[in-house]
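Hi everyone, thanks for coming. Let's look at one structure together, and do stop me if a term is new to you.

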Amino acid sequence: MVCPCGLITHQNEPVPLKNISVTLSICEFVAGVSATLNYENEEKVPLEVFFVFPMDEDSAVYSFEALVEGKMIVAELQDKAEAHINYEKAIRQGHQAFLLEEDTGSRDIFSCNVGNLPPGSKAALTLKYVQELPLEADGALRYVLPAILNPRYQLSGRPEDSCRITKPVVVPLEDLPYTLSMVATISSQHGIERIQCNCPLSPIEYLGDKTSAQVSLADGHKFDRDVELLIYYSGVHTPSVIVEMGKPTTKTDGLMGDPSAMVSFYPDIPEAQTPMTCGEFVFLMDRSGSMHSPMSKENTSQLRIDAAKETLILLLKSLPIGCYFNIYGFGSSYEAFFQNSVTYSQQTMEEALGRVKLMEADLGGTEILTPLKDIYSKPPIPGHPLQLFVFTDGEVSNTFSVIKEVKSNRLRHRCFSFGIGEGASTSLIKGIARAAGGMAEFITGKERIQSKALRALKWSLQPVVEDVSLSWGLPPGLSANMLSPEQTAIFRGQRLIIYAQLTGTMPPAETTGEVCLKYTLQGKSLENKVTFSLQPKSDANFTIHRLAAKSFLQTKDVGFGETPANDKKDVLRVSIECGVISSHTAFIAINKELNKPVQGPLVHREIPRPVMMGAPVPAMNLRCAGAAPVKYQAIGYGLKKKSLSLKQTSPEMGRADDSTNRTNLETHHTVTGEDPLVQLVSLQKADGSWDLNDSLALVLQMNLENIQAAVPIKSVDSSAWATALAVLWLHSNHKDMKCEWELLERKAVAWIRLHAGSVMQVLMEAATAFLKSPVDPAIFAP
C-alpha cells in the first residue's frame, strides 16, 4: 500500500490539518497565546473538518480569525445556539464557515469546525487567549501548552452531546500527520533567573541583562507530552497592583469601558507551631483502568496506581492521632475502606495500610460523582471539619455536574485535588478545588504525587484563616466593584489574585490607592497592604479586562445546561461584551465573498489525536505464608539507581553481619519493588514511634543485636532508641525528600520528646554517633 506523503488517518484518508504554530508572550505572571491551525484540502471534494484540542481551564479565549486565500475573516462571538444555527445555514448555502466552541461537558476542551473547504484551498485559523500562570512551591511560574487529550469516560446512559470526544480518532505518535512549533518571549522587570522545559528547546537567548528571553521548541517535537515551561524570576513574591485602561469607545456601564485592576497578594501567614490534631480526612483515589498508565514516558516511570498507593501510605503515616479518616477507591463503581470515617489509631491505620497495598487499577471507568455523593451523605463529625483529597487522572465527561455537587457542599468541607499524568482535565481538577476553597495540583513528567499531596496535607493541618475581607482606599468619587469570587480560604505561601472594576472619576496621574487584605488566625487579626498608582496603563489586547471577565465567568458559568437562568443572562452579557468565550457562547466566522458557492457533496473529516503508547509493567504474584496472594509491581517507589546507593552510615562494629542485612535489603527491594524509604515509613506506628525489630534493622542495613547493644541509656524504652535511629536515617538518606516525610517525622520527634523526656538530647547525640550521621543533633532541641 502506498502512503501519499504520510498525511493520512488510520483509514487512509488525507488529513487537512498540516501544522499548529504557537506564539507565546509571557509578561510577569500573565501569558498571551496565539495559536494558528493551518489547513489545506488536497482532495477533489469540499470538506468539513473537525478538530478537538485541549486548553487550560483558566484560558480566556478572546479572538478567532480565519485567513482564507489572503482574506482575513474575523469571527463574532454569539449565543451558542444562535451560532450553531448560523453555521448550519451557511453550510447549506455553500458558504465557508468556521465555528469555535467549548465542549458542553468540560471547560478545558475546545472544538473547531471548518465548513466548506473547497478542493485545493488553504485556511489558517488563529485563536488568541490569555491566562494567569500558577505559582509552584519552589517559586516557579508554570505554563503548560496542552498537547495530550485523553478520552473522557462516557457515563452509562449519558447522551453523547459533547464535542465527539467519547470515541476520538487516534493514531500512534509516529504516524501523527501534523506538527507543532512554539516560540516564546518571556519578560520580567525583576529579572529571569532560569527557564526549564520538559521538552527539547533550541538554545535560550537572554536579552537586556536577563530581563527578557526567547525560547522555542526544538524541531521535530512529538505530541508525546504536554509542553511545560517553568520560569524562575527574581522577587516573584512581591505584591503588586496593575490598573489597565478601558476601551474609550465602549459604553460606560459595561465592564470594558472602565479601568480594571489586578491585585496580587502573597499573604504573610505565620506557620502554626502546633498543627491541628482534629479533622476528618477522606482520600478519594482513582482506580480506573487509565491509572495503570505510567506517570511519564521515562522507561523507569512508575505506574500511576503505584505512585498513588505510596502517596496513601505517606498520608496515612502523617495523620495526627485523634483525627478521623477514610479511603475510597472509585472507577465504574466505588469501594470505601470503612462504612463511616473511623478514629485514627494503630488498629485502623494497620487495617487501612493492608488494604492500600492490595489496591489495583481494576474498577473500570471513571465515575466520581457517585462516591462524592456518598461522602457528602455521611453526617458531619462534631469538632472535626471535613478535608477531602481527590486523586484522579481527570478523564470524566460530566465535569460540570461534579463541580456543582462539590460546590453545593462547600460550607462543610475543603477540597484538595490532584491531576495525575499528562492530559488530566484542568477543568475538573481546578473546578472542584475552587468550588470548595481548596488547592489544585498537577503532577506530570518526573514530578511526584507524594510531595504535592503531603504539602496539601500540611496546609490542611494548619489553623483555618477566618474573617477574610478586602478593603480599598480610593479617592472620593472612585470605587471598586469586585469581579473575583469572595475569598473563603487562604493558605500559607499561596498567591492570591483579585480582579476589580474601577468606576467613577479617575484622579490625576500622581494619585495612589491602597488595597488591604485582612484576616483572622487563631484569634489574632492580621493584614497585608499594597499601595499602587492609579494611572491606568494601555494594552491593545486588554489582558487584565479579559482575565477579569474570565474570573467573573468562572464564578457564574457552571456549564451548558447547568447555569441558572439569572446567571446565564449575566454570563451572556459579560462574555459577548468582553469577547471572552463561555459555555453559552461560540465564535463564528462566515466567508460570503466566494465567487460562487461551494458545490458537491460535503465530506466530513475528523483530525486524529495522538494516543499515548505505554505498555503496562508485568506484575508478579508473591505468596506469603498464611496470607492471600499479594500483587506487587516490578517497578515501585523510586526504583532507580539512587534508591539503591544508600549512604553507608553504619559503624564498623558488626560490619560483617551488617553486610548480610544489606544484601537481604537489596534482594528484598529488587523483588518487591519497594524502596527502603517506603519500608521505613510502613513500619512507623500511628503514634509516631518505631519498634526495635528485625524489619527496622533490615532498612537500617544493620544487625539487630548490634543496635540493641548500642542503646546509650538502658532505662530508656527500646522504641525511643529505634525511633531516634529512624528519624536520623530519614535526615541522613532522604534530606532532599523532606517535604514527603516532614509531618511523620514531626510526629516521631514529639513522641521521643514525650517518652525520653530530659534524656532526649543524649539519645539523639548517641544515635548520630552510632549511625555516623552528618546531621547536627541540635536540630531536635525543643
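Let's begin with a pair of helices in this predicted model. Helix α15 covers residues 718-733 and helix α17 covers residues 760-771; their axes come within 9 Å and cross at roughly 60°. That angle is why we call α15 oblique to α17. The crossing of α15 past α17 is right-handed. If you wonder why I quote two values, a packed pair of helices is described by the angle between the axes and the distance between them.

Which residues do the touching? On the α15 side, they include Trp 721, Leu 725, Leu 728 and Trp 729, and on the α17 side, Leu 763, Met 764, Phe 770 and Leu 771 are among them. Sorted by type, the residues of this contact are 13 nonpolar, one polar and no charged.

Now please find another helix, α6, at residues 426-435. Is α6 enclosed or open? Nine of its ten residues are buried, so α6 is largely enclosed by the rest of the structure. The buried ones include Leu 428, Ile 429 and Ile 432, and also Lys 430. Just after α6 comes Gly 437, with a positive phi of about 60°.

Let's zoom out to finish. The protein has 17 helices and 35 strands, and 58% of its 782 residues count as buried. It exposes about 32000 Å², with carbon and sulfur atoms supplying 52% of that area. Finally, of the contacts between residues at least 6 apart in sequence, 74% join residues at least 24 apart.

Conventions
Residues are numbered from 1 along each chain as its sequence is written. This is a predicted model: local features need pLDDT of at least 70, side-chain atom pairs count only at pLDDT 80 or more; totals for chains, interfaces and linings use all residues. Side-chain values use heavy atoms; hydrogens and water are left out. Axes are lines fitted to C-alpha atoms, for helices over the stretch in contact, and angles run from 0 to 180 degrees between N-to-C directions. Helices (H or I, at least four residues) and strands (E, at least two) are DSSP runs, numbered from the N terminus. Angles under 35 degrees count as roughly parallel, over 145 as roughly antiparallel, 65 to 115 as roughly perpendicular and the rest as oblique. A crossing is left-handed if the near helix is turned anticlockwise from the far one by less than a right angle, and right-handed if clockwise. Contact means heavy atoms within 4.5 Å. Ala, Val, Leu, Ile, Met, Phe, Trp, Tyr, Cys and Pro count as nonpolar, Asp, Glu, Lys and Arg as charged, and the others, Gly among them, as polar. Buried means under 20% relative accessible area, exposed over 50%, partly exposed in between (1.4 Å probe, protein chains only). Accessible areas come from the Shrake-Rupley method with a 1.4 Å probe; for residues, only the protein chains shown count as cover.
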